[in-house]
Amino acid sequence: MASTSLVHPLSSAFSINLFKNHHQTIRKPQIENGVTRKWGLRLWAQENLMGTVEEAERYNATKRRDLLMGLGFCGVTSFLVGSCYAEAAGLPPEEKPKLCDATCEKELENVPMVTTESGLQYKDIKVGRGPSPPVGFQVAANYVAMVPSGQIFDSSLEKGRPYIFRVGADQVVKGLDEGILSMKVGGLRRLYVPGSLAFPKGLTSAPGRPRVAPNSPVVFDVSLEFIPGLESDDE
């Protein structure tokens, strides 16, 4: 992901002006050469209607102090991810769409766990009434992929459309492939995928997305929406 998004919260008018002024007064040649720096400050002071170089120096020092105080208040981590600014603005934490809400999570505690020979485990949140996908057929499914702590690292819901892939063709991780083959259209299932059936190389972290370590377990909530070319038995 582009690093620009990490510092996006500093795009307020105050912050833009702060960086603009800081950039105008402190340049690399000015640091390396005191004479060049004084000359640059003098020009900048004239442009900004400041009478002397000393006034420009004081103004520049104030801006640097304000910037450092801002970093100290929020902390470097908050500065990068913008959580400090979100809290200051009274914004609630981002709620990502889910296939299983709080009520569903509670009910899931009483659903029996099924374990397959491969080590895949699953719980059926809702058993579908349509057909199961034959190997080699395309399926349209919605999914929410999480690390065991519940943090979401990928989701078709955020993309706004079901994910279409061919089952049994190694187009998705093995655990998802196996888990969806025994589902029926209209069903909703939670898959507990062991590391051996998940991501051999892992996934790097990104803003709003946790890191997935290589061969670590993951969890998928998946709903089988339809199978192109097969009629559903749903009424």
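Tyr143 counts as buried, with 10% relative accessibility (buried is under 20% relative accessible area, exposed over 50%, partly exposed in between, using a 1.4 Å probe and protein chains only). Keep in mind that this is a predicted model, where local features need pLDDT of at least 70, side-chain atom pairs count only at pLDDT 80 or more, and totals for chains, interfaces and linings use all residues. Residues are numbered from 1 along each chain as its sequence is written, and side-chain values use heavy atoms, leaving out hydrogens and water.

Now for the rings. Phe, Tyr and Trp rings (six-membered ring for Trp) pair if their centres lie within 6.5 Å; planes under 30 degrees apart are stacked, over 60 edge-to-face, and the rest tilted.

| Pair | Centre to centre | Angle between planes | Type |
|---|---|---|---|
| Tyr143 and Tyr163 | 6.0 Å | 80 degrees | edge-to-face |
| Tyr143 and Phe220 | 6.3 Å | 55 degrees | tilted |

Tyr143 sits in strand β3 (residues 138-146) and Tyr163 in strand β5 (residues 163-166), so their pair ties together parts 20 residues apart in sequence. Phe220 belongs to strand β7 (residues 218-226), so its pair with Tyr143 in strand β3 links parts 77 residues apart in sequence. Strands here are DSSP runs (E, at least two residues), numbered from the N terminus. Phe220 is buried, as is Tyr143, while Tyr163 is partly exposed at 36% relative accessible area. Tyr143, Tyr163, Phe165 and Phe220 make up one aromatic cluster.

And the sulfurs? The whole structure has one disulfide (cysteine sulfur atoms within 2.5 Å), joining Cys100 to Cys104 with S to S at 1.9 Å. The link of Cys100 and Cys104 is left-handed, with -100 degrees about the S-S bond, and both Cys100 and Cys104 are buried.

Definitions and conventions. Helices (H or I, at least four residues) and strands (E, at least two) are DSSP runs, numbered from the N terminus.
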